[in-house]
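Hi everyone, thanks for coming. I have one chain to walk you through today, so please have a look at it while I talk.

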Amino acid sequence: MLKRLAAFGAALLSLLMMMPPAMADEQVRALRVEAQTPQSLRQALVIGNSDYRLGRLATPVNDARLIADALRSSGFSVTLLNNADRGTMLQAIARFGEQLDRDGVGLFYYAGHGLQVKGENWLIPVDADIRREEDVLNYGVNLQQLLDRMMAAHNPLNLVFLDACRNNPYPKATRSLDGLARVDAGLGMLIAFSTAPGQTALDGDTNSPFAAALSRHIPVPGLSVESMLKRVRSDVRQATRNRQITWDNSSLEGDFYFKPASHTTSSTRPAATPTPLSLSTLTVDDPKVREYFPNYQGPITGDDLFRAKELGERFKRIGEPWVKWMTETTQQQYSEFLRDAEAVKARYALRGKEIERLPISEQRAASNAMLAELQQEMALRKQHFEQGMAQLSQPFSRFIDEFKLLLQSKQLDAAEVRLNQAEEQFRMLKLQ
C-alpha cells in the first residue's frame with residue numbers, strides 16, 4: 001500500500017534532477033560575471049592618503065597611483081584621489097555609487113590610516129583632527145557606508161581592497177585596536193585586506209608589499225580574482241618574511257578576470273576582442289539550456305537561468321518537507337489501519353466461537369455468511385485507507401505537474417506564484 005507514496009517521492013527526485021544546481025551555477029557564472037565588460041561598466045575609486053596632520057605615511061599615495069595604473073590597463077575607468085579630506089572622500093563615494101551600472105563591476109581601493117572603533121571600521125581622511133574617540137565619527141569615513149552604497153547599485157560584482165591595517169595613529173585619543181575589524185562581504189562582493197583582521201600591515205620603502213603584489217598580478221591574463229589573491233598572499237608573506245598574511249572574504253557567485261586569457265590565431269595576429277555584452281541581457285545559446293526550458297522557443301538570458309535556479313531551489317525547500325510529512329502521516333494512518341484490522345479479526349473470532357455453539361447443520365451457512373461479511377468490511381476499510389492516501393498525495397502530485405510545466409515553459413512569474421500557493425497549501429494541510 002505504500003508503493004504509491006514511494007512513486008511520488010521518486011517524482012520529486014526526478015524533478016530535482018531536472019534542475020541540477022551545478023549546471024545553473026556554471027551557466028550563471030559564465031553569463032553574469034565572466035563576460036567581458038566594456039570600460040564604461042568597470043568603475044574604480046582609488047584613494048591614497050599620506051599627508052596626515054600627525055605625520056606623513058610614506059607609501060599610500062604611491063600605492064594608489066600604482067593600483068590606478070594597473071586597473072586602467074585592465075579596462076577600468078578610474079577615479080584617483082590623493083590626500084583626500086573628509087568632504088572630498090564622501091563626495092567621491094556618492095559619485096562612485098551613482099556611476100556603478102546595474103550590469104557593471106565596481107572596485108574600491110584605499111591606502112592610508114584606518115581604525116576599528118567598537119567593532120566598526122573607519123577610513124581616516126588627511127584633515128582628521130581626532131583628539132577623542134567620539135571624533136572618529138565626525139572626522140572619519142565609515143567603511144560600512146561605502147559598502148552599503150556599492151551594494152545599493154545592485155550590480156553583479158563589487159571588489160574592495162583595503163591597505164589600511166596600520167598601527168593606531170591615535171593611541172592616546174581612542175581605545176581603537178590595531179588593524180581593522182572583520183567585515184562580511186554581501187552577495188556578489190569580495191573584500192580583501194592587506195593583513196588578517198586585528199593585525200597590522202607593514203609599510204614598504206616606495207610601495208607597500210600588498211600594493212606591489214596587487215599591481216603585479218592584476219594585469220596577468222586568465223587569472224581569476226581568487227587565484228590572483230592567492231598569488232598576492234604568497235608574495236606578501238615572502239616579502240615580509242611571514243610577518244604579514246593577507247586575508248579576504250568573498251560572497252562571489254562566479255569568476256571574474258581583470259584580463260581574460262589571451263588567445264591568438266597565429267604568432268602574429270591576436271584574437272578579435274569580444275563584443276561587449278550586457279550581463280543581464282546576454283542571450284544563451286547553449287543546448288543544455290534549451291533542455292532546461294524544453295517547451296520554450298524564445299530567447300533565454302542569464303537572468304532567466306539564474307531565476308529558474310532560485311525557483312528550483314525553493315521548490316526543493318518546499319517539496320522535501322512535504323514528502324517527509326506525507327510519509328509520516330501515511331505511516332501513521334497505515335498503523336491505525338492495521339490496528340483496526342486486528343480489532344475486526346478479534347471481533348469476528350468471537351462470532352466464530354458463537355457459531356460453534358450452533359447446531360452442526362447451521363454452522364456451515366453461518367460461517368460462510370460471517371466470512372463474507374468480514375471480507376466485505378476489510379475491503380471497505382482498505383478502500384477507505386487508499387482513498388485517504390490518494391487525497392493526501394493529490395495536492396503534492398498536482399503541484400509537481402503544474403510547477404514542472406510552468407518552469408519548462410519559462411513562465412517564471414507564474415511558477416513563483418505557484419510556489420507561493422503550494423507553500424500556503426502545505427501549511428494549511430499540516431494544520432488539519
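I'll start with the chain as a whole, then turn to one helix, one arginine and the salt bridges.

Before anything else, please keep in mind that this is a predicted model. The chain is built from 12 helices and 11 strands. It has 432 residues, and 46% of them count as buried.

Now to helix 4, which covers residues 86-99.

Which residues of helix 4 are buried? They are Met 89, Ala 92, Ile 93, Phe 96 and Gly 97. Looking down the axis of helix 4, you find these buried residues within an arc of 135°, so they line one face of the helix.

What do the buried residues of helix 4 pack against? There are strands among the partners, namely strand 1 (42-48), strand 4 (77-82), strand 5 (105-111), strand 7 (120-123) and strand 8 (141-142), and there is also helix 6 (143-152). On the face turned away from the buried side, helix 4 carries the exposed residues Gln 91 and Glu 98.

Let me stay with Glu 98 for a moment. At 62% relative accessibility, Glu 98 counts as exposed. Its side chain meets that of Arg 149 in a salt bridge, at 4.0 Å from N to O. Since Glu 98 lies in helix 4 and Arg 149 in helix 6, the pair ties together parts that are 51 residues apart in sequence. Arg 149 itself is partly exposed, with a relative accessible area of 34%.

Strand 1 came up as a packing partner of helix 4, and Arg 42 is found in that strand. Is Arg 42 buried or exposed? Its relative accessibility is 2%, so Arg 42 counts as buried. A polar atom of the Arg 42 side chain lies 2.9 Å from the backbone oxygen of Phe 258.

Back to salt bridges, then. The count for this model comes to 14. One of them joins the side chains of Arg 56 and Asp 51, at 2.8 Å from N to O. Arg 56 counts as exposed at 56% relative accessibility, while Asp 51, at 39%, counts as partly exposed.

Another one to click on is Glu 402 with Arg 418, where the closest N and O atoms are 2.5 Å apart. Glu 402 lies in helix 11 (residues 360-408) and Arg 418 in helix 12 (residues 412-431), so this pair ties together parts that are 16 residues apart in sequence. Glu 402 is partly exposed at 33% relative accessibility, whereas Arg 418, at 8%, counts as buried.

And here is one last thing to look up on your screens: Asp 340, Arg 347, Glu 377 and Arg 381 are linked in a network of salt bridges.

Methods
Residues numbered from 1 in each chain as written. Predicted model: local features only at pLDDT ≥ 70, side-chain atom pairs only at ≥ 80, totals over all residues. Heavy atoms only, no water. Helix = DSSP H or I, 4+ residues; strand = E, 2+ residues; numbered from the N terminus. Buried < 20%, exposed > 50% of the residue type's maximum accessible area, 1.4 Å probe, protein only. Expected span 1.5 Å × (residues − 1). Arc of directions from axis to C-beta. Contact = heavy atoms within 4.5 Å. Polar contact = N/O pair within 3.5 Å; in protein donor to acceptor, adjacent residues only side chain to side chain.
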